[in-house]
Amino acid sequence: MFTYVIRRILMLVPVLFGVSVLIFLVMRIIPGDVAQTILGTDATPEALQQLREDFGLNLPLHIQYFNWMSGVLTLDFGESMRTGKEILPDILSRFTVTFELTLISALIAWIIAIPMGIIAAMKRNSNTDFGVRIVSLLGVSFPNFALATIIILVLALVFSYSPPVGYVGFFEDPFKNLEIMIIPAIVMGTSMAGAVMRMTRSSVLEILMQDFIRTIRAKGAKERVVIFQHALKNAMIPILTIIGLQVGTLLGGAVIVEQIFSLPGLGQLVLTAINQRDFMVVQGSVLFIAFIFVLVNLLIDILYAYIDPRISYK
Amino acid sequence: MTNVLEIKDLSIDLIKNKERLHIVNNLNLTIMKKQKYGIVGESGSGKSLTSLSILNLLPEGIEVGNGHILLNNDTNLVNVSKKDMRHIRGNEISMIFQEPMTALDPLFTIEHQVSEVLKFHGETSKKEMHNKMMTLFEQVGFARPKQILKSYPHQLSGGMRQRVMIAMALICKPKLLIADEPTTALDVTIQAQILDLMNELTEYYDTSILLITHDLGVIAETCERVAVMYAGTVVEEASVKDLFDHPAHPYTKGLLSSVKSLGDRTKKLYAIPGNVPSPVELKDAGCRFASRCPFVMDICREKEPELFSVQDRHYSKCWLHDMEEGSTYEYATTDSESS
Ligand SMILES: Nc1ncnc2c1ncn2[C@@H]1O[C@H](COP(=O)(O)OP(=O)(O)O)[C@@H](O)[C@H]1O
Ligand code: SF4
Ligand SMILES: [Mg+2]
């Protein structure tokens, strides 16, 4: 198990290296000039050149990359080209918002999806099952922005309630913070729940048809033991795969939902930075997002190995 | 001797578009205390469904349509409550399946899975469970039982897993052990060991066996009585010796002549021309073997034969034993033909 984890961690290094090279190159290939966006269209060519030199953009590419990387490895992501603010603290403070949103959404999703998926599998082809399947299909296919709009409209028109404007951190005012977060989390949670529900239903169904389930029943097990101790644990591997992908993606920022609810999350940071061609911020946050994504996947892999004794031997 | 299990007029139905197809029909058999009873028949003849029906483990869409299954002459397993059935499973009747590779949960240790049986049937003392498991594991021939307890299924070979299954099946000292093709998936060299082990241990624990196989050699080695199944019904029932010495039913004769040497396990039972009819091809009227029978007569296609008694406790479901219909029928190898 220990060597397995070490091996998986070492595998992250080339992945992150690849991501860093890729995002570095992409930022230099896409059209648009940070100096131009800062100084405006009537800036003199000399002024533009001066600014580019200040940012080190005139240096050869490999030197630029080396400078960036040596900073990153000492946890210095550089400063924003627009605001001059340090990048890493900004990323981290936005990550707390994204993290909280992800956590609440995921909890909502799992609390709904896993029990519903199990019930649907146990009562296959019943009305309950059809209900669950329709709801999960809606959850997967209904666009977030539409759901968000509907919820906001219904709350406003029917209950004359509108969520607070402006973000407040959890540690400043927990109740206000939760009030702000709960609606976006419900929006994100329902769309996550759809996929998890489908996966839970189909993998529990598949496991219930296995020979060993018959053995467990033949031993005199109660249905509760069959489902929750044996079927669910075996079904957990594909469910975890979905969960890992969703959480990994969501931790990289939920651009649309953040935008609709004006949450200062990671998605907003990246979006703004791309629009402004703020190279350093884009590079730094993309690398950070990639790091979080692979970290979540690593955790999922460790969970796999914890659940399934066959995995660490492969 | 007392009956452990009595199956009477059992039919097992496949329910399709609200129609009922009798996959197993009019099946009768009785297993006595400590008896080793075999069911033999080609693949698709309904052996597995019959065995699954005993513990109410039939797959979805298939259910018992008719008849009863009596345990110890009093409990009808066809309509016991779920709770009572749970108490019987693994405790009074236990089961071993064909595929040792997939019969155990891959995510739990052997110890967990074997101790579950004891737990389900009321054992709470960890020490007691451990002792019982150690005893059984030594009896099934594990040199290092402690190590086996700690391992996961994928770390054991097919033969070892089948030993675990046997230990698990016998740990509550059941009255009946049902073994559905317990050696079919194993190497030939291991097959005999597993059969010997089952024989030995069921004798030790006074457990009756219902052994299901497509292999007449296995029956010859293990069983005392045997039922020959064809297309969902028992066509002949006799002691193993009678069956091999004086087969009465045309199907049994076909089977026996297709196995030249009884010890030869490589021979399969497919030497009779044609196949077992699938459930959809089955007609309710007439003899189910009629499409393949060399002796077929007009009545065979119209009326299902009764179970004729051809000798003392030797039964055959064939019109040839009816004096009026089959007066010319030769019981080929028989010397003491009854009237
Ligand atoms: N789940 C099922 N659904 C439909 N038909 C089935 C199912 N299981 C078995 N059958 C049919 O029932 C018949 C008997 O099957 P089975 O009891 O497995 O035979 P055996 O064990 O003697 O090989 C076969 O013709 C098979 O096609
Ligand atoms: S009843 Fe007729 S068809 Fe059936 S086995 Fe006897 S002779 Fe053959
Ligand atoms: Mg079978």
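**Exercise 1. The hairpin in chain B**

Task: In the hairpin of β1(B) and β2(B), find which residue takes a positive phi and how many residues stand between the strands.

Solution. Step 1: the hairpin has 2 residues between its strands, and B:Asn17 takes the positive phi, near 45 degrees. Helices (H or I, at least four residues) and strands (E, at least two) are DSSP runs, numbered from the N terminus. This is a predicted model, in which local features need pLDDT of at least 70 and side-chain atom pairs count only at pLDDT 80 or more, while totals for chains, interfaces and linings use all residues; side-chain values use heavy atoms, with hydrogens and water left out. Residues are numbered from 1 along each chain as its sequence is written, and chains are lettered from A and ligands numbered from 1 in the order in which they are written.

Step 1: look at the pairing. β1(B) and β2(B) are antiparallel over 10 bridges, where two strands pair if DSSP finds at least two bridges between them. B:Glu6 stands opposite B:Thr30 in β2(B).

Step 2: check strand β1 of chain B, which holds B:Asp9. The phi of B:Asp9 is also positive, near 50 degrees, in a residue other than glycine.

**Exercise 2. The sheet around the hairpin**

Task: Work out in what order the 4 strands of this open sheet of chain B stand, and which strands are at the edges.

Solution. Step 1: the order is β2-β1-β4-β5, with antiparallel pairing.

Step 1: β2 (19-32) and β5 (75-76) of chain B each have a single partner strand, so one side of each is left without a neighbour in the sheet.

Step 2: follow β5(B) to its partner. Strand β4 (residues 62-71) of chain B is joined to β5(B) by 2 bridges, and the two run antiparallel. B:Leu70 has B:Asn76 in β5(B) as its bridge partner.

Step 3: Contact means heavy atoms within 4.5 Å; axes are lines fitted to C-alpha atoms, for helices over the stretch in contact, and angles run from 0 to 180 degrees between N-to-C directions.

**Exercise 3. The 8-stranded sheet**

Task: Describe the open sheet of 8 strands in chain B and the helix that packs on it.

Solution. Step 1: the strands follow the order β6-β7-β8-β3-β9-β10-β12-β11, and the pairing is mixed. At the edges, β6 (93-96) and β11 (308-311) of chain B pair on one side only.

Step 1: neighbouring strands are turned by 20 degrees against each other on average, direction ignored.

Step 2: take one pair. Strand β9 (residues 225-230) and strand β10 (residues 233-239) of chain B run antiparallel and share 6 bridges; B:Val228 is partnered by B:Glu236 in β10(B).

Step 3: helix α7 (residues 188-204) of chain B touches β3 (36-40), β6, β7 (176-180) and β8 (208-213) of chain B, and its direction makes about 160 degrees with that of β8(B).

**Exercise 4. Two helix pairs in chain A**

Task: Chain A has 13 helices and 0 strands. Compare how α9(A) packs with α10(A) and how α5(A) packs with α13(A).

Solution. Step 1: the axes of helix α9 (residues 211-218) and helix α10 (residues 223-251) of chain A come within 10 Å and cross at roughly 155 degrees. That makes α9(A) roughly antiparallel to α10(A); angles under 35 degrees count as roughly parallel, over 145 as roughly antiparallel, 65 to 115 as roughly perpendicular and the rest as oblique.

Step 1: among the contact residues are A:Phe212 and A:Ile216 of α9(A) and A:Val226 and A:Ala231 of α10(A).

Step 2: helix α5 (residues 87-122) of chain A and α13(A) pack at about 50 degrees, with axes 10 Å apart. This makes α5(A) oblique to α13(A).

Step 3: in this second pair, A:Ile87, A:Ile91, A:Leu92 and A:Phe95 in α5(A) meet residues of α13(A) including A:Met280, A:Gly284 and A:Phe288.

Step 4: finish with the loop between α12 (266-275) and α13 (279-307) of chain A, where A:Arg277 lies. A:Arg277 has a positive phi of about 55 degrees, although it is not a glycine.
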